[in-house]
Amino acid sequence: MPPKSRETLPQPIRSCNWAIAQLPGLSAENLDLLHRAGFKTTLAFWQRTQTPAQRHNLAAHLQLHPKYVNKWAALCDLARIPAVGCTYCGLLLHTGIISVQQLADTPLPKLHRQLMRLQIATMQRQDLCPPLGNVSLWVEQARQLSPSRR
């Protein structure tokens with residue numbers, strides 16, 4: 001009898017890392033400011049903005065209002081999710097999701113309804129809402145990355 005083949009277990013996902021220039025909504029001026037401060041990637045920015053104190057200190061160093069640093073930190077956190085990346089992190093932020101942890105904790109049906117409402121309110125088109133299967137993958141990957149769920 002041949003040996004049983006081992007089923008391959010799904011590999012745990014890792015945080016994605018993108019060029020900081022791929023973050024949605026960054027002006028050329030702010031991108032230049034971030035580059036001059038040494039930020040080239042989303043993961044590097046996220047790692048240096050883990051606490052409110054770090055974000056406050058960075059905002060002071062960059063001479064920016066803290067709301068910008070907080071927004072970029074949230075976008076960088078959400079962009080760590082492979083299926084979200086820089087493509088959908090802004091959409092999630094506009095839906096009210098500000099972290100991987102919050103996404104992991106949000107019930108799928110509620111999140112999909114929020115996304116649908118946002119698309120209808122801003123674009124007047126329901127068909128532009130990401131399909132439920134995509135949103136489900138975002139939540140699942142967020143759960144895998146979320147420290148409280150490991």
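1. Which are the buried residues of α7? They are Leu111, His112, Leu115, Leu118 and Gln119. Please keep in mind throughout that this is a predicted model.

2. As for partners, the buried residues of α7 pack against α5, α6 (100-105) and α8.

3. The length of α7 is also worth a look. Gln124 follows α7, and its phi is positive, near 55°.

4. Arg113 belongs to α7 too, within residues 108-123. With a relative accessible area of 46%, Arg113 is partly exposed, since the exposed class begins over 50%. Between Arg113 and Leu132 there are 9.7 Å from C-alpha to C-alpha, with a sequence separation of 19 residues.

5. Now to helix α4. Its 14 residues reach 20 Å from the first C-alpha to the last, close to the 20 Å expected at 1.5 Å a residue. The buried residues of α4 are Val69, Trp72, Ala73, Ala74, Leu75, Cys76, Asp77, Leu78 and Ala79. What do they pack against? The partners are α1 (28-36), α2 (42-47), α3 (52-62), α5 and α6.

6. Leaving out residues up to four places away in sequence, Ala73 touches Phe45, Trp46, Thr49 and Arg55. The C-alpha atoms of Ala73 and Thr51 are 9.9 Å apart, and the two residues are separated by 22 places in sequence.

7. How many aromatic pairs does a search of the whole structure find? It finds four. In one of them, the ring centres of Phe39 and Phe45 are 4.9 Å apart and the planes meet at 65°, so the pair is edge-to-face. Phe39 and Phe45 are both buried. They also belong to one aromatic cluster with Tyr68 and Trp72.

8. Tyr88 and Trp138 deserve a point of their own. Their ring centres are 4.9 Å apart with the planes at 40°, so the pair is tilted. Tyr88 lies in helix α5 (residues 85-95) and Trp138 in helix α8, so the pair ties together parts that are 50 residues apart in sequence.

9. Arg80 lies over the face of Trp46, at 3.8 Å from the ring centre. Trp46 has already come up, as one of the residues that Ala73 touches.

10. Ser99 sits in the loop between α5 and α6. At 18% relative accessibility, Ser99 counts as buried, because the cut-off is under 20%. Its side chain reaches the backbone nitrogen of Gln102 at 2.9 Å. Beyond its neighbours within four places in sequence, Ser99 is in contact with Asp77 and Leu78. Asp77 and Leu78 are among the buried residues of α4.

11. Last, please look at Ser146, in the segment after α8 (132-145). Ser146 is buried, with a relative accessible area of 0%. Which side chain does Ser146 join through a polar contact? The partner is Gln101, and the contact is 2.5 Å. Setting aside neighbours within four places in sequence, Ser146 is in contact with Val100, Gln101 and Ala104.

Terms used. Residues are numbered from 1 along each chain as its sequence is written. This is a predicted model: local features need pLDDT of at least 70, side-chain atom pairs count only at pLDDT 80 or more; totals for chains, interfaces and linings use all residues. Side-chain values use heavy atoms; hydrogens and water are left out. Helices (H or I, at least four residues) and strands (E, at least two) are DSSP runs, numbered from the N terminus. Buried means under 20% relative accessible area, exposed over 50%, partly exposed in between (1.4 Å probe, protein chains only). A polar contact is a pair of N or O atoms within 3.5 Å; within protein, one must be able to donate a hydrogen and the other to accept it, and residues adjacent in sequence count only if both atoms are side-chain atoms. Contact means heavy atoms within 4.5 Å. Rings of Phe, Tyr and Trp (its six-membered ring) pair if their centres lie within 6.5 Å; planes under 30 degrees apart count as stacked, over 60 as edge-to-face and the rest as tilted. A charge sits over a ring if NZ of Lys or CZ of Arg is within 6 Å of the ring centre and within 35 degrees of the ring normal. The expected span of a helix is 1.5 Å times one less than its number of residues.
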